Amino acid sequence: MSVVDEMPRTMRTAAELAEIDRRVLVHPHHHGGRSKRITIVRGDGCTVWDASGVELLDVMGAGNWVAQVGHGRPELADAAARQMRKLAYYTGFDIFANDQSITLAQRLVDLAPEGLDRVFFTNGGSESVETAFKFARLYHHHRGEPERVWFISRNFAYHGSTYASGAATGFPGIHAGIGPEFPNVARTSPPHSYRAPDICPGRDLTDFLIEELATTIERIGPSNVAAMIGEPVMGGAGILIPPADYWPRVRELLSLHGILLIADEVVTGFGRTGAWYDSAERGMQADLVTVAKGLTSGYAPLGAVLMSDAIAETIAGGDNYLFHGHTYSGHATACAVAHANLDLLEQEGLVDRSRTVGTWLREALAPLADLPEVGEVRVAGATAGVELVADRDTREPLMADWVTVALRDEHRVAAREYGNTLVMAPPLVISRPEVDRAAQALADVLRRRPASHS
């Protein structure tokens with residue numbers, strides 16, 4: 001055992017923590033060639049501090065589209081402590097439940113679009129997608145159509161990194177080296193209006209996408225498709241906002257063939273894009289909805305799948321036995337935290353405020369349109385994507401990883417890149433001056449683009 005190992009945890013320096021990190025910790029999205037480590041130890045509002053005392057403006061929702069109510073909210077900490085003193089956890093299997101999970105389920109249904117009447121709790125987004133896939137297959141099985149085992153997703157969609165959710169995720173890198181994947185997943189083109197000239201030259205984008213979806217369904221066989229899954233607004237793809245007629249026409253086509261629609265609202269739900277559930281705003285009329293992140297603002301791991309009564313009764317009604325579950329489904333403490341989080345979202349009007357933040361982002365980022373590196377700025381509620389290009393005429397992508405490094409190191413602003421798109425998804429409590437600071441920092445970085453990134 002090293003001297004570092006014997007020191008009290010609270011006395012370890014940033015360098016000591018980084019050394020332990022490199023030695024024992026494997027990170028999600030781990031880059032083996034990167035030795036730098038940043039250890040975040042404290043947060044308040046839209047600001048976080050690392051172990052060296054460096055202050056960062058968080059405009060990426062704790063890095064993962066969460067923190068809707070901001071960092072360091074005592075209301076959520078107090079809710080967790082109260083519940084832990086009363087009952088931290090007890091199983092939700094079979095006939096058991098706890099009061100927090102029961103009342104939270106009712107609350108989610110009350111907030112949900114019409115037709116979503118039942119709730120199954122998970123621990124996060126990937127589990128929610130896995131569960132929705134299993135429920136879709138079970139639904140068709142119990143209805144006498146066991147051959148409906150196919151799912152349709154979209155290229156550049158992000159639905160998670162577990163077995164089925166990872167197969168639905170449309171980034172090639174997530175599939176590399178895994179071996180045989182979850183079978184029977186087909187992917188179609190995303191509704192990327194800026195890239196429409198490349199996707200479907202001379203065609204209306206929605207017309208092309210609906211035709212492509214119809215062709216995909218026919219190729220698989222309509223009676224073989226269980227469901228299509230889609231984000232109302234595609235987050236990991238760079239804030240792709242579909243044309244207004246896209247989701248209603250997708251819904252119509254799927255209904256024609258008896259295919260379920262799963263709305264992945266893990267990112268968009270609970271105010272992120274300006275609504276409790278964005279799928280309703282887009283006309284999806286989803287049969288199942290997956291949620292997580294904003295349900296607790298990241299203060300506790302919790303996700304859920306919402307579904308219609310018809311689906312719930314088919315898979316778990318009558319004499320059916322639903323052989324599916326997670327140890328921490330409906331975890332009492334996580335559900336108590338979710339209640340406190342929803343209280344803040346309601347009391348502080350943060351869902352509506354998300355739209356105000358969107359207006360600020362749109363106004364603050366507007367000057368970027370004059371920069372040659374910026375192809376398009378997209379804003380959906382408190383979420384923005386700035387797509388970078390090396391050449392505006394050809395739309396050749398310009399990777400954005402160097403931008404996030406410069407924002408962090410030179411301006412103390414923490415954002416995130418997805419390929420050639422710089423993404424912002426700040427806490428909904430962010431102020432106008434903080435939005436302006438982030439936008440001005442991004443403009444400064446882009447104007448001083450180093451020659452190595454030309």
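**View 1. Two helices, α9 (205-220) and α10 (246-256), each give at least two residues to the lining of the largest cavity.** The model is predicted: local features need pLDDT of at least 70, side-chain atom pairs count only at pLDDT 80 or more, and totals for chains, interfaces and linings use all residues. Residues are numbered from 1 along each chain as its sequence is written, and side-chain values use heavy atoms, without hydrogens and water. Helices (H or I, at least four residues) and strands (E, at least two) are DSSP runs, numbered from the N terminus. A cavity is a set of points on a 1 Å grid over the protein atoms alone where a 1.4 Å probe fits but cannot get out; lining residues have an atom within 4 Å of a point. The largest cavity holds about 40 Å³. Its lining is T188, S189, L209, E212, L213, M228, Y246 and V250. Three of these residues, the largest share, come from α9.

**View 2. The second largest cavity has a volume of about 30 Å³.** Volume here is the space filled by probe spheres set on the grid points, which are joined across faces, edges and corners. W65, V233, G235, I239, V267, T268, T273 and T383 form the lining.

**View 3. The second largest pocket contains about 900 Å³ of space.** A pocket is an open set of points with protein on both sides within 12 Å along at least five of seven lines. The lining has 27 residues. G92, F93, D94, F120 and L322 lie nearest the centre. α5 (99-111), β4 (118-122) and α12 (309-316) each supply at least two lining residues. β4 gives the largest share, four residues.
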